[in-house]
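Please look over the sequence and the model below before reading on. The paragraphs that follow go through the packing of its parts step by step.

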Amino acid sequence: MIISGFILRAHRLDKGVSCKSCADYLDITTTYLSLIETGKNKPSKKVLKKAAILFDLDEGYFLSLPDTLLPALDAAKTLTNVERNILSSLLASKM
């Protein structure tokens, strides 16, 4: 699984950076950014380096999940589809 794009998206959304602005800064198209953020394409080292600067992060941060998320990810693997949908809805509602 390519997690770097998911992490990039999370930081982009957290900082309120638009797809267009982010893609422009990273010197890529918005289509390519979308492919990265959905895990369909792996970002280049150049893109990760620029993203690290943009979000004031260490480049290595994009290469692994934060330790606090690992237990949640393990627990999520045991959920049924219905339970995943419930959890997704709850998370989207910004409880």
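Helix 1 and helix 3 pack with their axes 7 Å apart, at an angle of about 115°. That angle makes helix 1 roughly perpendicular to helix 3, where under 35 degrees counts as roughly parallel, over 145 as roughly antiparallel, 65 to 115 as roughly perpendicular and the rest as oblique. Axes are lines fitted to C-alpha atoms, for helices over the stretch in contact, and the angles run from 0 to 180 degrees between N-to-C directions. Helices are DSSP runs (H or I, at least four residues), numbered from the N terminus. The model is predicted: local features need pLDDT of at least 70 and side-chain atom pairs count only at pLDDT 80 or more, while totals for chains, interfaces and linings use all residues. Residues are numbered from 1 along each chain as its sequence is written, and side-chain values use heavy atoms, leaving out hydrogens and water.

Where the two helices meet, Gly5, Phe6, Leu8, Arg9 and Arg12 of helix 1 are in contact with Leu33, Ile36 and Glu37 of helix 3 (contact means heavy atoms within 4.5 Å). By class, this meeting of helix 1 with helix 3 has 4 nonpolar, 1 polar and 3 charged residues. Here Ala, Val, Leu, Ile, Met, Phe, Trp, Tyr, Cys and Pro count as nonpolar, Asp, Glu, Lys and Arg as charged, and the others, Gly among them, as polar.

Helix 1 also holds Ser4. Is Ser4 buried or exposed? Ser4 counts as buried because its relative accessibility is 7%; buried means under 20% relative accessible area, exposed over 50%, and partly exposed in between, with a 1.4 Å probe and protein chains only. Leaving aside residues up to four places away in sequence, Ser4 touches Pro43, Leu48 and Phe62.

Next comes helix 4, residues 45-54, in which Val47, Leu48, Ala51 and Ala52 are buried. These residues lie on the same side of helix 4 because they cover an arc of only 135° around the axis, taken from the directions from the helix axis to the C-beta atoms. Lys45, Lys46 and Ile53, on the other side of helix 4, are exposed. The buried residues of helix 4 pack against helix 1 (4-15), helix 2 (19-26) and helix 3 (30-37). Just after helix 4, Asp56 has a positive phi of about 55°.

The largest nonpolar core has 16 residues, and those with the most contacts inside it are Leu8, Cys22, Leu26, Ile28, Leu33 and Phe62. Such a core is a set of buried Ala, Val, Leu, Ile, Met, Phe, Trp, Tyr and Cys residues joined through side-chain atoms within 4.5 Å. Helix 4 gives the most to this core, with 4 residues.
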